[in-house]
Amino acid sequence: DAGGAQPGDRIEHASVTPPDVLERIARTPLTVVTQPSFLAERGDSYAVDVEPSDRPWLYRCQGFLQAGVPLGGGTDAPYGSEDPWRAMSAAVSRRTLGGLQMGESERLSPEQALALFTTRPEAPGGAPRRVGIGEAADLCLLDRSWADARNILDRSLVAATIRNGVLTFQAL
């Protein structure tokens, strides 16, 4: 509040965001970039080490969207898995590796989870990138339809990736 927020400013992680802080963020032009995979990767430790009153507000997702806060996703590699599919899955399931459910009301739909990673890097949480003339040829091609992939959200579904028009990965 003292420094003032400007369009383009963002909060990385927003690890613990209770309702009063969420309300303050929603009154600003801030964007939040969250790392939902931390719930899967570290959630079992969080269940022990994080104060019980803070646990419902860990790596919120749906709450930010409902409050109108632009929300982008990250993996925080190398401090977390670099796999965005793991992060998307964690945003949807909100389950730890041990199977503990954390913040169920913060779950995203598969489409909302995908949207965390399909915006322009300089404008996370903004409009999704589109394929078109004059746009960077950055594509992730799946080996099945989205209707089937949305229920799996795993990198094993990636048939190929193209970055700036160059094939950077092709499944065997």
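Leu153 is buried, with a relative accessible area of 6%, where buried means under 20% relative accessible area, exposed over 50% and partly exposed in between, computed with a 1.4 Å probe on protein chains only. Leu153 sits in the loop between helix H6 (146-149) and E5, and its phi is positive, about 45°, although it is not a glycine. The model is predicted, so that local features need pLDDT of at least 70 and side-chain atom pairs count only at pLDDT 80 or more, whereas totals for chains, interfaces and linings use all residues. Residues are numbered from 1 along each chain as its sequence is written, and side-chain values use heavy atoms, with hydrogens and water left out.

**Overall build**

- The protein chain contains 6 helices and 6 strands, where helices (H or I, at least four residues) and strands (E, at least two) are DSSP runs numbered from the N terminus.
- Read from the N terminus on, the elements of the protein chain follow the order β-α-β-α-α-β-α-α-β-α-β-β.
- The protein chain has a radius of gyration of 17 Å, which agrees with the value near 16 Å that a compact globule of 172 residues would have; the radius is taken over C-alpha atoms, and the globule rule is 2.2 Å times the number of residues to the power 0.38.
- Taken along the principal axes, the box filled by the C-alpha atoms of the protein chain is roughly 45 × 40 × 30 Å.
- Of the 172 residues of the protein chain, 33% count as buried.
- Among contacts between residues at least 6 apart in sequence, 58% join residues at least 24 apart, contact meaning heavy atoms within 4.5 Å.

- An open sheet is formed by 3 strands in the order E1-E2-E3, and the pairing is parallel; two strands pair if DSSP finds at least two bridges between them.
- Strand E1 (10-12) and strand E3 (71-73) are the edge strands of this sheet, each pairing on one side only.
- Neighbouring strands of this sheet are turned by 25° against each other on average, direction ignored, with axes being lines fitted to C-alpha atoms, for helices over the stretch in contact, and angles running from 0 to 180 degrees between N-to-C directions.
- Strand E2 (residues 31-34) pairs with E3 in the parallel sense over 3 bridges, and Thr34 has Gly73 in E3 as its bridge partner.
- Val32 has its place in strand E2 and counts as buried, at 0% relative accessibility.
- Val32 and Leu71 are 39 residues apart in sequence, yet their C-alpha atoms are 5.0 Å apart in space.
- Leaving aside residues up to four places away in sequence, Val32 touches Ile11, Ala14, Ile25, Phe64, Val69, Pro70, Leu71 and Gly72.

**The antiparallel sheet**

- Another open sheet of 3 strands has the order E4-E5-E6, with antiparallel pairing.
- E4 and E6 stand at the edges of this sheet, each with a single partner strand, so one side of each is left without a neighbour in the sheet.
- From one strand to the next, the twist averages 20°.
- Strand E4 (residues 139-142) and strand E5 (residues 158-163) run antiparallel and are joined by 4 bridges; Leu139 has Ile162 in E5 as its bridge partner, while Leu141 stands opposite Ala160 in E5.
- E5 is also joined by 4 bridges to strand E6 (residues 166-170), and these two strands run antiparallel, with Thr161 standing opposite Phe169 in E6.
- E5 and E6 form a hairpin with 2 residues between them, and Asn164 in the turn has a positive phi of about 50°, although Asn164 is not a glycine.

**Helix packing**

- The axes of helix H2 (residues 37-49) and helix H4 (residues 84-93) come within 6 Å and cross at roughly 75°.
- Ser37, Ala40 and Glu41 in H2 meet Arg86, Ala87 and Ala90 in H4.
- By class, the contact of H2 with H4 has 3 nonpolar, 1 polar and 2 charged residues, where Ala, Val, Leu, Ile, Met, Phe, Trp, Tyr, Cys and Pro count as nonpolar, Asp, Glu, Lys and Arg as charged, and the others, Gly among them, as polar.

**A cis peptide bond**

- The peptide bond from Ala77 to Pro78 is cis, with omega near 10°, and Pro78 has its place in the loop between E3 and H4.
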